[in-house]
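Subject: Structure handover, pockets

Hello,

Here is the structure I said I would pass on. My notes on its pockets follow below.

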Amino acid sequence: HQLFLIINAHDAVEFENILRNNSEWILDEFHTLFEKKVSNEVFKHGKNLELSNKIFQIIGHSIDLQPDFKLIKADSLNSFVWVGRGFPYRWLLLHRSIKDNYLDFHAAWDHLKKDYAKHMPEIKISSYYKTNENVLYGKNKIQIMRGLYEHPESYSGGPFFVYIFDTGQMNEVILISGFVSYPGHEKLLLLKQLEIMAKTFYKGDQI
């Protein structure tokens, strides 16, 4: 379950050209293997089908979740679900929003704050770090927002991400936000595990 890269070049110039011309493919190969390993670890004990179907009943779309994830809060009228597990804290929020609100970099962050204020006012977005990127998801590109948050009620905070999925409905998107809090410890792998679950986004239930 390992991936090796061997490059045969006559000199440094040819080596550089090979890397430049194939860098995207090389990185994709290693990234794909890494995600596969993380996914196998995330779902090695199965999936929480009951909770995934509960999300489907509320939003009409769902994601695969680890068996130990629990429902923390749900609002069927506003199509909002908050699920997660205990220490180290890992949370996932799913909610509907307006597509036009997330087309511009700065406007997206303003509207994200408004969405959180409506659904989960305890979450405070830090102004120290904010990024937006478009990544390939299937055959389409989706927008991903990354930043830092604080949650005073649980004395926690840390990195978070937001995946923005187009539902195909008129001017509608579903946002999946992932939050990690593990003070004093490495958080990258935990965040990646949440992203693996977010990427299983689908329309329909699992039964």
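Which residues lie nearest the centre of the second largest pocket? They are Lys141, Ile142, Ile164, Phe165 and Asp166, out of 14 residues that line this pocket. Please keep in mind that the model is predicted.

The elements that each contribute two or more residues to the lining of the second largest pocket are E5, E6 and strand E7 (156-166). E6 supplies the largest share, 4 residues. Sorted by class, the lining of this pocket consists of 8 nonpolar, 3 polar and 3 charged residues. The space in the second largest pocket comes to about 310 Å³.

Now the largest pocket. It holds about 390 Å³ of space. Its lining is made up of 16 residues, and those nearest the centre are His31, Glu35, Val135, Leu136 and Lys199. Two or more lining residues each come from helix H1 (12-42), strand E5 (124-137), strand E6 (140-151) and helix H4 (188-198). H1 gives the largest share, with 5 residues.

Regards

Technical notes. Residues are numbered from 1 along each chain as its sequence is written. This is a predicted model: local features need pLDDT of at least 70, side-chain atom pairs count only at pLDDT 80 or more; totals for chains, interfaces and linings use all residues. Side-chain values use heavy atoms; hydrogens and water are left out. On a 1 Å grid over the protein atoms alone, a cavity is a set of points where a 1.4 Å probe fits but cannot get out, and a pocket is an open set with protein on both sides within 12 Å along at least five of seven lines; lining residues have an atom within 4 Å of a point. Grid points are joined across faces, edges and corners, and a volume is the space filled by probe spheres set on the points. Ala, Val, Leu, Ile, Met, Phe, Trp, Tyr, Cys and Pro count as nonpolar, Asp, Glu, Lys and Arg as charged, and the others, Gly among them, as polar.
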